[in-house]
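This report describes a protein model, with attention to its overall fold and to a group of aromatic side chains. Please consult the sequence and structure below while reading.

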Amino acid sequence: MAKLGCTANTLVKVVSIFGNTGEGKSHTLNYAFYDCEEVFRTSPTQNSCTIGIWCAYDRRRRVITIDTEGLLGLSDNNNRRTRLLLKVLAISDVIIYRTRAERLHNDLFTFLGSASQAYIKHFAKELKMASERCNLQCTLSDLVSFFGVV
């Protein structure tokens with residue numbers, strides 16, 4: 001947290017951005033949160049600038065922004081990239097999917113399907129316990145939908 005410029009006690013929201021390589025994710029975060037300052041590196045070409053994930057803290061809005069490698073990124077290991085993106089998804093309050101396409105890519109649906117399976121596999125027990133603790137009268141699938149997993 002110190003590297004971002006906030007403390008562990010600071011109440012923040014986390015906004016992350018997903019999309020394919022070259023779709024303008026970094027530019028979108030720079031424009032929306034940092035008054036067009038190049039906080040996240042951009043390129044005029046379709047080449048990837050972001051490898052892995054990068055974070056910044058917007059003090060004015062108290063938002064941690066996370067720029068992610070494209071779904072079709074340069075990482076040698078697709079499984080590693082998917083696991084990393086699933087972790088980002090798990091901690092995000094808001095997720096932006098940036099695309100220039102008129103229709104959504106199959107990559108998005110494949111990723112969301114993987115995310116849904118991972119959440120059910122790894123968090124079903126915790127979601128059920130939370131539901132019981134809070135006396136929620138809903139199914140596990142309702143909870144999964146509530147937490148933003150398709």
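Which residues form one aromatic cluster? The cluster consists of Phe33, Tyr34 and Phe40.

## Basis of the model

The model is predicted, and local features need pLDDT of at least 70, side-chain atom pairs count only at pLDDT 80 or more, and totals for chains, interfaces and linings use all residues. Residues are numbered from 1 along each chain as its sequence is written, and side-chain values use heavy atoms, with hydrogens and water left out.

## Overall architecture

The protein chain contains four helices and four strands. Here helices (H or I, at least four residues) and strands (E, at least two) are DSSP runs numbered from the N terminus. Read from the N terminus, the order of elements is β-α-β-β-α-β-α-α.

Of the 150 residues in the protein chain, 37% are buried; buried denotes under 20% relative accessible area, exposed over 50%, and partly exposed the range in between (1.4 Å probe, protein chains only). The accessible surface of the chain is about 9,900 Å², and carbon and sulfur atoms account for 54% of this surface. Accessible areas come from the Shrake-Rupley method with a 1.4 Å probe; for residues, only the protein chains shown count as cover. Where contacts (heavy atoms within 4.5 Å) link residues at least 6 apart in sequence, 63% join residues at least 24 apart.

## Helix 1 and its surroundings

Helix 1 spans residues 25–33, and its buried residues are Lys25, Ser26, Thr28, Leu29, Asn30 and Phe33. These buried residues pack against strand 1 (13–18), strand 2 (53–58) and strand 3 (63–68). Asp35 follows helix 1 and has a positive phi, near 50 degrees.

## The aromatic cluster

A pair of aromatic rings is described by the distance of the centres and the angle of the planes. Rings of Phe, Tyr and Trp (its six-membered ring) pair if their centres lie within 6.5 Å; planes under 30 degrees apart are stacked, over 60 edge-to-face and the rest tilted. The count by this rule is two aromatic pairs. Phe33 and Tyr34 form a tilted pair, 6.4 Å centre to centre with 50 degrees between the planes. Tyr34 also pairs with Phe40 in an edge-to-face arrangement, at 6.2 Å centre to centre and 70 degrees between the planes.

Why do Phe33 and Tyr34 count as buried? Phe33 counts as buried because its relative accessibility is 14%, and Tyr34 because its relative accessibility is 11%. Phe40 is likewise buried, with a relative accessible area of 2%.
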